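Hi everyone, thanks for making time.

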Amino acid sequence: AISQRGLRIGPDMDYAHGPFHDLTDPKIEALVRKWIVSGRLWCLWFGTPCTWKSRARTTGAPDAHNMKQGEACARATIRLIECAHRHGVHYVIENPKSSGLWTWPPMHRCLRRTRAVCISRPFRSDGTSYQKYTSLCGTLPNLCTLHDTCHCTLPHEHLQGLALMPQPGSKPKWVWKTTLAGRYSLALCRRVANLLAPCAPHGGL
């Protein structure tokens, strides 16, 4: 949706894609910081993992490695947000509205220091069968126009349990519904692209 608006997109920094995409690696973080300072990036979009601060955990104690990795990623997010703010680069961070990341003191202080605008909207507004409210906080101009509430009267799908998902070239796989609901709908991506396009400078990512 973003590239269709003629915008260039930087690499997806997600440690699930391998070590060269891991923001918890100081060398990778330094590279992104270099892109910010040099003006190669004009807007950052963070989908920082929230499972380590989840309020919905019902399966006992969290995995120690995931906790450490999650906090390291959140702290890297804060450092990059503050770097972006110093150099006039916009940012947006997205997490479920109920995420403990929003009340985590270091993140809360960072959002206040950078004067972030925070809004929420239900995924139902973008055509999903489930309501799931997400929050967006950041400095992107007109971010407030994405705020919305659910006005439908029909029942919503409950994000509980597993769904059997087809897998190309292999057997179907059971996947948690909450994991599937973490993906952005095409309608939301198009709304974000429409918001980004008027703000994009010539030659920026």
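Okay, let's start with overall size. For 205 residues, a compact globule would have a radius of gyration near 17 Å, and this chain comes in at 18 Å, so the two agree. Keep in mind that this is a predicted model. The C-alpha atoms fill a box of roughly 45 × 40 × 40 Å along the principal axes.

What's in the chain? Five helices and six strands, and reading along the sequence you get α-β-α-β-α-β-β-β-β-α-α. Take the contacts between residues at least 6 apart in sequence: 66% of them join residues at least 24 apart. Buried residues make up 37% of the chain.

Now let's zoom in on helix H3, residues 105-113. Which of its residues are buried? Pro106, Met107, Cys110 and Leu111 are. They cover an arc of only 130° around the axis, so they sit on the same side of H3. And what do the buried residues of H3 pack against? That would be helix H2 (64-86), plus strands E2 (90-96), E3 (117-122) and E4 (133-138). After H3 comes Arg115, with a positive phi, near 55°.

Over to the surface. Leu162, Leu164, Trp174 and Trp176 form a nonpolar patch there, together about 470 Å² of accessible area. Strand E5 (162-167) and strand E6 (170-176) each supply at least two of the patch residues. Trp176, which is in E6, counts as exposed because its relative accessibility is 53%, and the cut-off is over 50%.

Terms used:
Residues are numbered from 1 along each chain as its sequence is written. This is a predicted model: local features need pLDDT of at least 70, side-chain atom pairs count only at pLDDT 80 or more; totals for chains, interfaces and linings use all residues. Side-chain values use heavy atoms; hydrogens and water are left out. Buried means under 20% relative accessible area, exposed over 50%, partly exposed in between (1.4 Å probe, protein chains only). Helices (H or I, at least four residues) and strands (E, at least two) are DSSP runs, numbered from the N terminus. The arc is that of the directions from the helix axis to the C-beta atoms. Contact means heavy atoms within 4.5 Å. Patches are made of residues with over 30% relative accessible area and no salt bridge: like charges are joined within 9 Å, nonpolar side chains (Val, Leu, Ile, Met, Phe, Trp, Tyr) within 5 Å. Accessible areas come from the Shrake-Rupley method with a 1.4 Å probe; for residues, only the protein chains shown count as cover. A salt bridge is a side-chain nitrogen of Lys or Arg within 4 Å of a carboxyl oxygen of Asp or Glu. The radius of gyration is taken over C-alpha atoms; the globule rule is 2.2 Å times the number of residues to the power 0.38.
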